[in-house]
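User: Can you walk me through this one? I have a few questions about the packing.
Analyst: Go ahead.

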Amino acid sequence: MTSAKSVTRSAPSSVQATTISSSLLTVDTPGRGFTDLTSEVTKFITDVHARDGALTLFIRHTSASLTIQENADPSVLVDLTTALSRLAPENAPWTHDTEGPDDMPAHVKTMLTGTSLHVPVLNGKLALGTWQAIYLIEHRSRPHRREVVLQFIGETR
């Protein structure tokens, strides 16, 4: 159990959500792996003049997903790809295989990693940690065109 002495919290702040801004981000993936979306998402936050609020990202697919992960050491992404492949291998006896051996494992990986993210926006900036980045994870072997809905809800400048 954590003692109260080791936990601190800043004073609450409030804004009136006066704006909802949306955009569709289209991403051509090279095939299986991670695509860093952080710079494009940051441009969106800048373009809508966001101040304080919330950014949601939603991927419109069931065989690709979104995640927030470390951006400092690329070997982290390699190890995560390996871990996902172990959790949902292509050579398992899947019933759904109409679109190829990588399709059903891609659905499982999406279920494990998720189709949406929520990132606070504070003073016009994504409230990501020092080593965090926003990634689209392509779970299929071949390249795909993926769509991610970006939506900022909050106060603008």
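**Aromatic pair, helix and sheet**

User: How many aromatic pairs does a search of the whole structure find?
Analyst: The search finds 1 aromatic pair, in what is a predicted model.

User: Which residues form the pair, and what is the geometry?
Analyst: Phe34 and Tyr135, arranged edge-to-face, with 5.7 Å centre to centre and 85° between the planes. Phe34 belongs to strand β2 and Tyr135 to strand β7, so the pair ties together parts 101 residues apart in sequence.

User: Are those two buried or exposed?
Analyst: Phe34 and Tyr135 are both buried.

User: Switching to α2. What length does it have?
Analyst: Helix α2 covers residues 75–87, which is 13 residues, and reaches 18 Å from its first C-alpha to its last, close to the 18 Å expected.

User: Which residues in α2 are buried?
Analyst: Val76, Leu77 and Leu84 are buried. They cover an arc of only 95° around the axis, which puts them on the same side of α2. On the other side, Val78, Asp79 and Arg86 are exposed.

User: And what do the buried ones pack against?
Analyst: The buried residues of α2 pack against β2, β4, α3 and β7.

User: What about the sheet, what is the strand order?
Analyst: It is an open sheet of 5 strands in the order β1-β8-β3-β5-β6, with antiparallel pairing. β1 (19–28) and β6 (125–126) are at the edges with a single partner strand each, so one side of each has no neighbour in the sheet.

User: How many bridges between β3 and β5?
Analyst: Strands β3 (residues 50–59) and β5 (residues 116–122) pair over 6 bridges. Gly53 has Val121 in β5 as its bridge partner.

Technical notes
Residues are numbered from 1 along each chain as its sequence is written. This is a predicted model: local features need pLDDT of at least 70, side-chain atom pairs count only at pLDDT 80 or more; totals for chains, interfaces and linings use all residues. Side-chain values use heavy atoms; hydrogens and water are left out. Helices (H or I, at least four residues) and strands (E, at least two) are DSSP runs, numbered from the N terminus. The expected span of a helix is 1.5 Å times one less than its number of residues. Buried means under 20% relative accessible area, exposed over 50%, partly exposed in between (1.4 Å probe, protein chains only). The arc is that of the directions from the helix axis to the C-beta atoms. Contact means heavy atoms within 4.5 Å. Two strands pair if DSSP finds at least two bridges between them. Rings of Phe, Tyr and Trp (its six-membered ring) pair if their centres lie within 6.5 Å; planes under 30 degrees apart count as stacked, over 60 as edge-to-face and the rest as tilted.
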